[in-house]
Amino acid sequence: AATLSAIIGSGIKNIFNDVFEIIYLSGGDNSTCNNKKILKNIVEKITGFNSDYWNFRYNLGGKKLEKSIALLGKERAKVIFINVILPLFLLKSKKENNNKLESIIYNIYSTMPPLENNYLIKIMKNKIFINGSNILNTIKQHQGLLQIYNDFCSFGKEGCKICILCK
């Protein structure tokens with residue numbers, strides 16, 4: 001609630017415009033270095049919310065804290081960028097027939113470094129890869145592994161029977 005309040009208070013449209021500018025100005029340069037820079041800039045925009053009220057409280061009407069707290073962490077900001085902002089901009093590009101923006105979004109998505117490993121990624125890496133080796137180099141591969149889990153592994157042994165990776 002605190003983060004949502006801060007986002008609305010600071011103007012969600014301004015934040016999206018800032019993020020859009022960062023993405024569009026990248027011009028589709030999908031080098032690893034550029035993607036790290038894009039991600040760093042966007043994370044700074046998303047986590048840069050400050051509120052005199054919410055930075056010092058856990059809930060509405062709560063006791064004021066002595067020290068300021070972050071409203072949103074860097075890892076959560078990355079998740080929001082990958083799972084919310086990029087799809088919204090892809091939708092925008094398709095709606096406006098903006099092939100340049102669409103290409104930039106796909107380039108970023110295809111080359112963006114993966115998120116932190118979560119429980120499901122660790123399980124899947126151990127199931128599929130030798131010694132759980134780390135061959136996930138992009139967010140696209142990371143999310144692909146989560147999709148395999150959702151399509152097959154979430155059904156237990158029944159999913160294993162139809163999964164080509166288990167044969």
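## Overall fold

Of the 167 residues in the protein, 34% are buried, a term that means under 20% relative accessible area, with exposed meaning over 50% and partly exposed lying in between (1.4 Å probe, protein chains only). This is a predicted model, in which local features need pLDDT of at least 70 and side-chain atom pairs count only at pLDDT 80 or more, while totals for chains, interfaces and linings use all residues. Residues are numbered from 1 along each chain as its sequence is written, and side-chain values use heavy atoms, with hydrogens and water left out.

The protein has 8 helices and 0 strands, these being DSSP runs numbered from the N terminus (helices: H or I, at least four residues; strands: E, at least two). Among contacts (heavy atoms within 4.5 Å) between residues at least 6 apart in sequence, 57% join residues at least 24 apart.

## Salt bridges

The whole structure holds 4 salt bridges, each a side-chain nitrogen of Lys or Arg within 4 Å of a carboxyl oxygen of Asp or Glu. One of them joins Lys-40 to Glu-44, with the closest N and O atoms 3.0 Å apart; the two residues are 4 apart in helix H3 (residues 32-47), and therefore separated by about one helical turn. Lys-40 is exposed at 51% relative accessibility, whereas Glu-44 is partly exposed at 45%.

In helix H4 (residues 74-95), Lys-78 and Glu-75 are 3 residues apart, which also means about one helical turn, and their side chains meet in a salt bridge at 3.7 Å, N to O. Lys-92 pairs with Glu-96 at 2.9 Å between the closest N and O atoms, and Lys-92 is partly exposed at 28% relative accessibility.
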